[in-house]
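Welcome! Please take a moment to look over the sequence and the 3D view below before reading on.

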Amino acid sequence: AAMAVGPAAGVDLSGWVETRDFVLDLAAKRAYAAGEEQSLTPTEWRLVEVLVRHRGQLVPERQLLEELSGPEAEPGGLRRCMARIRGKLESDPAHPICFLADPGLGYRFVAS
């Protein structure tokens with residue numbers, strides 16, 4: 001069964017994204033870092049996909065919060081979710097090079 005795609009259905013998410021630290025297979029929703037597959041939750045994937053679609057651009061925190069639900073749908077939940085994504089994908093999560101925060105504004109994805 002085809003999965004429902006959000007408002008950005010026109011954007012190609014079928015490709016691969018390769019950075020120095022990790023590879024994303026967007027079509028299969030698989031992530032590989034440090035030589036092994038990393039398991040991302042559906043929520044983490046939604047955030048990754050939104051950021052990758054807007055590669056290089058600042059995505060406002062408000063827009064990212066709309067992708068979340070439940071207790072994660074507040075700024076603290078968003079920060080925790082981004083920290084988990086960095087922990088799974090970035091080689092040095094404390095000094096991310098791909099998933100960057102603009103404090104108080106939002107996040108951006110930069111392919112290293």
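Predicted model: local features only at pLDDT ≥ 70, side-chain atom pairs only at ≥ 80, totals over all residues.

Residues are numbered from 1 along each chain as its sequence is written, and side-chain values use heavy atoms, with hydrogens and water left out. The protein has three helices and seven strands; helices (H or I, at least four residues) and strands (E, at least two) are DSSP runs, numbered from the N terminus. Along the sequence they come in the pattern β-β-β-β-α-β-α-α-β-β.

**The protein as a whole**

- Of the 112 residues in the protein, 37% are buried; buried means under 20% relative accessible area, exposed over 50%, and partly exposed in between, with a 1.4 Å probe and protein chains only.
- Taking contacts (heavy atoms within 4.5 Å) between residues at least 6 apart in sequence, 45% join residues at least 24 apart.

**The four-stranded sheet**

- Strands S1, S2, S3 and S4 form an open sheet in the order S1-S2-S3-S4, with antiparallel pairing; two strands pair if DSSP finds at least two bridges between them.
- S1 and S4 are the edge strands, and each pairs on one side only.
- From one strand to the next, the twist averages 25°.
- S1 (16–18) and S2 (22–25) are antiparallel and share three bridges, and a hairpin of three residues joins S1 to S2.
- Across that pair, Val17 stands opposite Leu24 in S2.
- S2 and S3 are antiparallel too, with four bridges; Val23 has Tyr32 in S3 as its bridge partner, while Asp25 stands opposite Arg30 in S3.
- The hairpin of S2 and S3 has four residues between the strands, and Lys29 in the turn has a positive phi of about 55°.
- S3 is joined to S4 (residues 36–38) by three bridges, and the two run antiparallel; here the bridge partner of Ala31 is Gln38 in S4.
- Two residues lie between the strands in the hairpin of S3 and S4, where Ala34 takes a positive phi near 55°.
- S3 (residues 30–33) shows two faces: Ala31 and Ala33 are on the covered one, Arg30 and Tyr32 on the uncovered one.

- Two bridges pair S5 with S7 (residues 106–109) in the antiparallel sense, and Pro60 has Gly106 in S7 as its bridge partner.

**How the helices lie on the sheets**

- Angles here run from 0 to 180 degrees between N-to-C directions, and axes are lines fitted to C-alpha atoms, for helices over the stretch in contact.
- H3 in turn lies across S2, S3 and S4, running at about 55° to S3.

**A closer look at Asp21**

- Asp21 sits in the loop between S1 and S2.
- Asp21 is buried yet has no salt bridge, and Arg20, the nearest side chain of opposite charge, is 4.2 Å away.
- Charges count Lys and Arg as positive and Asp and Glu as negative, leaving out His and the chain ends, and a salt bridge needs a side-chain nitrogen of Lys or Arg within 4 Å of a carboxyl oxygen of Asp or Glu.
- The side chains of Asp21 and Ser91 make a polar contact at 3.0 Å.
- A polar contact is a pair of N or O atoms within 3.5 Å; within protein, one must be able to donate a hydrogen and the other to accept it, and residues adjacent in sequence count only if both atoms are side-chain atoms.
- Leaving aside neighbours within four places in sequence, the residues in contact with Asp21 include Tyr32, Ala34, Leu89 and Ile97.
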